[in-house]
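Dear colleague,

Please find below the structure that I am handing over to you.

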Amino acid sequence: LRSISLTRAFHYDRPAPSSLSPGNAPAIRAGAHAVRGSNFGAVDTSAGIAAGGTASEASSWISDTLLSCRPAAGLATALPLAVTIARQLGTLPSVLSYDAP
């Protein structure tokens, strides 16, 4: 009798964000932003979205190619966006800037 160990039976493609709209936000109380891309999942998943390392105040899954988020307050420019779905990370460099207060 032979036993076989299977450590990775399948995997998911990592999320691939391609754009953020709009690309700017007010310094305080930003509205909803659309994150477009691919591999966000075929069903509603818990998507984590962060700009410049700071988690969004709210995020929601809409489809495999669309997420919605409300960035936290901030003052920086050209922040990268990170999307985490099912412990897979996808990033988009230099996409969010905050308006001057």
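Asn39 is partly exposed, with a relative accessible area of 29%; the classes are buried for under 20%, exposed for over 50% and partly exposed in between, with a 1.4 Å probe and protein chains only. Its phi is near 65 degrees, a positive value in a residue other than glycine. Asn39 lies in the loop between strand S3 (33–38) and S4; strands are DSSP runs of E with at least two residues, helices are runs of H or I with at least four, and both are numbered from the N terminus.

Before I continue, please note how the model is to be read. This is a predicted model, in which local features need pLDDT of at least 70 and side-chain atom pairs count only at pLDDT 80 or more, while totals for chains, interfaces and linings use all residues. Residues are numbered from 1 along each chain as its sequence is written, and side-chain values use heavy atoms, with hydrogens and water left out.

**Overall form**

The chain contains nine strands and zero helices. Its radius of gyration, 16 Å, is well over the 13 Å that the globule rule gives for 101 residues, so the chain is more spread out than a compact globule. This radius is taken over C-alpha atoms, and the rule is 2.2 Å times the number of residues to the power 0.38. Along the principal axes, the C-alpha atoms fill a box of roughly 70 × 20 × 20 Å. Of the 101 residues, 35% are buried.

**The nonpolar core**

Which residues have the most contacts inside the largest nonpolar core? They are Val35, Phe40, Ile49, Leu67, Leu81, Val83 and Leu96, in a core of 19 residues. The elements that give two or more residues to this core are strands S4 (48–51), S7 (66–70), S8 (79–85) and S9 (88–98). Such a core is a set of buried Ala, Val, Leu, Ile, Met, Phe, Trp, Tyr and Cys residues joined through side-chain atoms within 4.5 Å. In soluble globular proteins, nonpolar side chains tend to be buried together.

Leaving aside residues up to four places away in sequence, Leu96 touches several others, including Leu20, His33, Ala51 and Leu79. Contact here means heavy atoms within 4.5 Å.

**Individual residues**

Ser94 has its place in strand S9. Although Ser94 is not a glycine, it has a positive phi of about 50 degrees, and at 51% relative accessibility it counts as exposed.

Is Ser56 buried or exposed? At 16% relative accessibility, Ser56 counts as buried. Ser56 is found in the loop between strand S5 (54–55) and strand S6 (58–63). Apart from neighbours within four places in sequence, its contacts are Ile49, Ala50, Cys69, Arg70, Pro71 and Ala72.

A cis peptide bond, with omega of about -5 degrees, joins Ser21 and Pro22. Pro22 lies in the loop between strand S1 (16–21) and strand S2 (24–25).

Ala76, in the loop between S7 and S8, is partly exposed at 33% relative accessibility. Ala76 touches Ser97 and Tyr98, not counting residues up to four places away in sequence.

Finally, Pro101 is found in the segment after S9 and counts as exposed at 87% relative accessibility. With residues up to four places away in sequence not counted, Pro101 touches Ala27 and Leu75.

Yours sincerely
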